[in-house]
Structure formats: structure tokens, C-alpha cells
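Subject: Structure for you to look at

Hello,

Here is the structure I promised. Please open it and keep it beside this email while you read.

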Amino acid sequence: MTTVDTAIGTAKTMVLNMGPQHPSTHGVLRILLELDGETVVKAIPDLGYLHTGIEKSCEDKTYSQAITLTDRMDYLNPLGNNLVYCLAVEKLLGLEIPKRAQYIRVMMVELQRISSHLVWLGTHAIDLGAMTVFLYCFREREEILNIFELFSGQRMMTSYIRIGGLALDPPTGWRQAIEKFLKMMPSRVDEYETLLTENRIWIGRTKGIGYISAEDAVALSMTGPTLRAAGIAYDNRKVFPYSSYEEFDFNVPTRTDSDCYARYLIRVAEMRESLKIIRQALDKISNEGPIRAEAPGVIPPQREKMKTEMEALIYHFKIFTEGFSPVPGEAYVSVESPRGELGCFIASDGSPKPLRAHFRSPSYINLQALPKLIEGQLIADVIACIGTIDIILGEVDR
Amino acid sequence: MTESSSQNANVVAEHLRSWNSKAVAEVIEFRGDTTIVIPREFLRAAAERCRQDAKLQYDLLSAATCVDRFPHEPRFELIYQLVSIPRREKVRLKVRVSGNDPVVDSLVPVWPGANWLEREIFDLFGIRFHGHPDLRRILLPEDWEGYPLRRDYPVEGYRDVPNTGELFRKSSTP
């Protein structure tokens, strides 16, 4: 168990153990805090309570089986995890995905971004004492989860994005469901802003708290809203576009204050940008068209073909028993998850199972900067700083 | 996109070669990704070059990981994903390390963000980083034996002992 050497070694400081069972650590994070009165002198995060060895398990699954494991890392962004994994495998295979599937992917991932930001906003607000926002946010998140259920039959661990495309064609009535959501959501975002943006208590708890300079943020490999709040417009959707993001028109909100309040404003602005992207995607998605790439032996054939063609049946059997074998090589893909740069590195040795699948999880790397944010601050601000990084412990520990 | 990334590969590789002709062992192009293989002894100096040189400006160490190619030698491959935010470019550095002596220079002095990334590799692969300020296990308990992401570590079961309840019964009898 991690212990801490007190910096001063006299009775002047005390060590406080925060977590792992603490509601405002958003999971099971333990932090050792060395305090001088109410001021944090030193902070040491201790992780690993949720380590489940997902990367090791991936090595024992075929490429398509491993998709279900990716859902369970960042459980507020399962579709984003599916996406990055599938993009990496597709890069390894050199597959081209039909445009229709790419647009549906974009739409689903942006819905997921909104739902993730809603959980972040709700829990962050409840940590700082604003109960109502939590209830409002979960009301809208429910609507998004209903849309996911409509598309995939699952609310959270959807595994909807598959290698080569999507699991299922969009169901009947999907367009109306999205339209309804797009119509409702902007006014709901306004509601959260009414509750918080000019709220004196909220400003008092977040403004000027958890400052990190742009240089430090880059040096510590931070990405996502935390980096953009420091004034650096680094967003993978713009810088290294994937899944046709270059065809969408949206802004990357940035601010320069780099405190908890700036990060709040950025995430709210991102929700509005995501709504813009979903609207554009909705207009781009045609009613008819393929949702999977054509690649015999790699992508499962359509059901009708399986019933009529011998080869299709054989391929289906082979894909689901032994899997497919990409050529030896390595591929790295990064996408913009709600928390930052989510990367997936896959090394293949030519067998049907990955030699190595590594996930660059933004929560893990952003959490590294936590001591920098809280050292020298008051203990009450530690809660605000943990919330503002937006960590998901399932992804931190993998 | 492939064209521009291979152009970028030439920029990085040539730059490193002009600094030290032995600093680039190999340049691998695969599916538009560029990997520059660097001999182990040049890793930190080459990384510093990548970060500080005005023409390269790789200011963000995006990810670092390891691949175990057991039973081949050199067994380990350390992978560093670099991003240049001002230049909007990516490159991957690779260092090959033998299984008998899995030690490399730490990159924490170059990118402070390498700290936890290297601790994770140490924890799961048992690679030691020379000059790391705080090399401890991070995800696993401190008393864990072995390095689980090595290919010779079993996926299921701890040290190849199937869990039949035998261990539990032994320890619970007085």
C-alpha cells in the first residue's frame, strides 16, 4: 500500500487519506493528502483499484471479440471506445468504410459526448453542492440512452460500432427520435446555464481554482477540455480528422483562464457544438445504403447472402470461430473522447488475435496533473479539481 | 494524407541523421504511420532533439507503451507516440530492448508527462527506466509478483494454478 513521507517530518503537517471509497472521487481513487492546516502540501494519487487487465484480455480474444471489452473501459463513452478500437483494426487491415456508416458513427459518438458531459456536469455540480443540476442532467441523459437502446438494443455497453461498419441498420423511426432530441436539447442546455453560469456560489467554488499553465499542461501530456481551457486548440477531430470529421463544420471552443470555471464553460460550449454536428450528420445520412464495408473473410456477410451463398456461409463460420488475420504491422489511431485524446495502438503478428492492444486513456494521463492542480490549494478545492479533470476510473485503471 | 505523413517522416529522419548519423536505425512506413527506430543509447538525446528543435517541435508525448515479442530477441519494443501541436504532425519512435537487460533511459526529463506512462510500462512489463524519479508499480499492488503483460505470463490463473478452491481450503483449516 502506498505510503507518504511527510515533507517536513514534524508534527506540523498531517496526512489525510481520501478515498478509495469517497463519493467525490468518481469511482475508486485514493489520494494521500499531506495537509498543513487546510492547505494541501503534497498529494499522491494511488490507483489500480479497478484494474481488470483489459489489455491482457484483448490478447486472448479475436479482433472482433475484443470489441465488447472496450465498452467497459470508459463506461460513459462506450461508443467512443468502440470507435477508436475499430478504427485501429480497420487501419491495420487497410479497410475503407462506407460514408453512410461513417456519418452514423459520428452522430452516435457526438450523442455519447453530450451524455458524457451531462454526467460530468451533474456529478461535478453535486460535488459542489448544486443538487438540482444533477437531476436535470440525468433527465436528458435518459433521452440519449433511449436513443442508444433504439439503435442497438443496449443502453450503455452498446458495442454498436463494429470492425468494418456498424452492428445494425438504424431502426425505423430513428430520424424522428434524433429530431425530437435536437429540438429539445438547446433549451435544456440553456437551463443548466441559467442555474450555474452566473450563480455566485458556483463562481465562488470554481473561478480561479485549479489553475494550470498551458506549458505545464502540454508538458504533462494533458489533452481535451483541460488543455483547451488553457488556450490550446488541440482537438483530434480538427487536427487529425477521422471518420469524415473534416466534412463537418464546428468550432473548437477554447479559453485562457485555465481554471475550473473555464473548463465548465468549455464543456457546455462543446455540448452545443456536438448538437451542430449531429444536425449536420442527420442531413448527410441517407435512408438507404451499406453500413458495412465489403471485405470477404473479414467482415461478416449479410444475413440474406448467408442463406443463399455457400461462400458467405463459410466466411461467416470462419469469422466467428477462428477470426481473421491482419498482416503483421502496427497501427495507432487517436480520437477525441469527451475527456481528451483517446488512442488505440494495435500490433499484429499475423495471427487472429492482437499481439498487443494498448489504449491511451485520457483520464489516466490527465489525472497525472492532479497534484499540480491541488498542491497549495485548500482541501475543499480538491473536490472541485478532481471533478474538473473528469476522470473515469474504469478507464484510468483499465 | 499518406504523402504528407511520409514527407514528414523524411523531415524527422533526416533531421535526426544530420545530427548524428547513427541515431536512426530504421524508418518504417505502414498504412500512413511513420515509425522511426532509434538505438537504445540515443533515445533520450533523440527525444530531446524532437522536442526542442524548432523544425520538429514535438511538444506532446501522447502515449508510450511496450510490445513484447517473446520468444524473439530483442524481445521488447518501446513505442512513443509524439505529437507536434504547432506543426500538426505525428510520429512514432521505437526502441528495441533485449529481454536480458530491459533498461532504457527515462524520458521524464524531456516530457514530464512520461512519468506515469513509464510507471505503467514498468508495472506491467518490468522494463526499468534509468533516471525515473519515482519508479513504483502503479496499477498493480506493490507486492504483486511478475509482469502480467509479458507474453509468457498466463492470461488466466495466477502462476498457472487453476482456482479449484484448494488454496482457500488449505488456508482456512487450522
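Start with the kink of about 30 degrees at M185(A) in α6(A), shortly before the proline P186(A). The bend at a residue is the angle between axes fitted to the seven residues ending there and the seven starting there. Helices (H or I, at least four residues) and strands (E, at least two) are DSSP runs, numbered from the N terminus.

This is a predicted model: local features need pLDDT of at least 70, side-chain atom pairs count only at pLDDT 80 or more, and totals for chains, interfaces and linings use all residues. Residues are numbered from 1 along each chain as its sequence is written, while chains are lettered from A and ligands numbered from 1 in the order in which they are written.

Back to the helix. α6 of chain A covers residues 174-196, which is 23 residues. Its first and last C-alpha are 33 Å apart, close to the expected 33 Å (1.5 Å times one less than the number of residues).

Which residues of α6(A) are buried? They are I178(A), M185(A), Y192(A) and L196(A). Buried means that 20 or more other C-beta atoms, placed from the backbone, lie within 10 Å of the residue's own.

Now the sheet. Three strands of chain A form an open, antiparallel sheet in the order β1-β2-β3. β1 (14-18) and β3 (39-46) of chain A are at the edges with a single partner strand each, so one side of each has no neighbour in the sheet. β2 (30-36) and β3 of chain A pair over seven bridges (pairing takes at least two DSSP bridges). L33(A) is opposite A43(A) in β3(A).

Finally, the predictor gives the complex an ipTM of 0.85 and a pTM of 0.89.

Best wishes

Methods
A residue is buried if 20 or more other C-beta atoms lie within 10 Å of its own, exposed if 12 or fewer, and partly exposed in between; C-beta atoms are placed from the backbone.
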